[in-house]
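Student: I've got a new model open on my screen, and I'd like to learn how to read it. Can we go through it together?

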Amino acid sequence: MKILLMGHPNVGKSVLFNRLTGANVIESNYPGTTIDYTKGYMRVGGEEVEVIDVPGTFSLDPKDKAEEVAVKMLHESRDATVICVIDASKIERGLYLVLEIVEEGYSVAIALNMWDVAEDKNIKIDVVNLERILGVPVVSTTAISGEGIKELVSRSRGTAPVEVDDIFERVED
Ligand SMILES: Nc1nc2c(ncn2[C@@H]2O[C@H](COP(=O)(O)OP(=O)(O)OP(=O)(O)O)[C@@H](O)[C@H]2O)c(=O)[nH]1
Ligand SMILES: [Mg+2]
């Protein structure tokens, strides 16, 4: 099993990555570029899972070299589970990328990271309803404290592809 951590820049992907993988980490350059990425492993229920900290990207329509690498890494891992990391205090900004990744047929789970920041700002998010509409696991996380990470891992294991059209139908209801 392989997990890609994807999301906008500065949403906490790397802190989450370190939480998931601990010390077993390899830094690499993407072939032919100067774009760094990090790859590591974690054990989940006796199974070794590869985890990749993908460079931050705003969309799957790359605007610079780092975004290009992010999209290539996604497309080279057709069987991967994608954990989309969203800043919970700016949630609508992150959902577009989620929909793009879902639309390409990937199994997705969502980490609503920076949950502590959202709480401090008194931003209320109905996680249960969001999960119902999207049809994929949505887990609130605070990567810097580790809150929600265990649940994120366990819920990510059971995720399956969903249809974007079905999501839009549920939004209209
Ligand atoms: N308060 C709070 N800060 C966080 C959380 N997760 C990450 N941070 C902080 O947010 C900043 C960005 O975290 P990174 O993990 O570097 O973000 P990233 O998504 O890897 O960013 P790029 O690699 O630039 O795409 C750092 O200062 C982290 O310490 C969180 O859940 N809560
Ligand atoms: Mg990073």
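Predicted model: local features only at pLDDT ≥ 70, side-chain atom pairs only at ≥ 80, totals over all residues.

Student: In which sense do E6 and E7 pair, and over how many bridges?

Tutor: The general idea is that strands of a sheet pair through backbone hydrogen bonds, either parallel or antiparallel. Here, strand E6 (residues 107-113) and E7 are joined in the parallel sense, over 3 bridges.

Student: And E2 with E3, parallel or antiparallel?

Tutor: Antiparallel, over 5 bridges. Asn-29 stands opposite Asp-36 in E3. The two strands make a hairpin with 6 residues between them, and Gly-32, in the turn, has a positive phi of about 80°.

Student: What is the strand order in the whole sheet?

Tutor: Read across, it goes E2-E3-E4-E1-E5-E6-E7: an open sheet of 7 strands with mixed pairing. From one strand to the next, the twist averages 25°.

Student: Why is one side of E2 and of E7 left without a neighbour?

Tutor: Strand E2 (25-29) and strand E7 (138-140) stand at the edges and each has a single partner strand, so one side of each has no neighbour in the sheet.

Student: Which strands does helix H3 lie across?

Tutor: Look for H3 at residues 91-103: it lies across strand E1 (2-7), strand E5 (81-87) and E6. The helix runs at about 165° to E5. Helix H6 (residues 149-157) packs on the sheet too, touching strand E3 (36-44), strand E4 (47-53), E5, E6 and E7. The direction of H6 makes about 175° with that of E7.

Student: Now the ligand. How many residues surround ligand 1, and which are the closest?

Tutor: There are 15 residues around ligand 1, the closest being Asn-10, Lys-13, Ser-14, Val-15 and Asp-116. By class, that shell holds 7 nonpolar, 6 polar and 2 charged residues.

Student: How much of ligand 1 does the protein bury?

Tutor: Taken alone, ligand 1 exposes 650 Å², and the protein buries 68% of that. Helix H1 (13-21) and helix H4 (115-120) are the elements that give two or more residues to the shell. H1 provides the largest share, 3 residues.

Conventions: Residues numbered from 1 in each chain as written. Chains lettered and ligands numbered in written order. Heavy atoms only, no water. Near = heavy atom within 4 Å. Areas by Shrake-Rupley, 256 points an atom, 1.4 Å probe, with all protein chains shown as cover. Helix = DSSP H or I, 4+ residues; strand = E, 2+ residues; numbered from the N terminus. Nonpolar A, V, L, I, M, F, W, Y, C, P; charged D, E, K, R; others polar. Pairing = 2+ DSSP bridges. Axes fitted to C-alpha atoms, helices over the stretch in contact; angles between N-to-C directions. Contact = heavy atoms within 4.5 Å.
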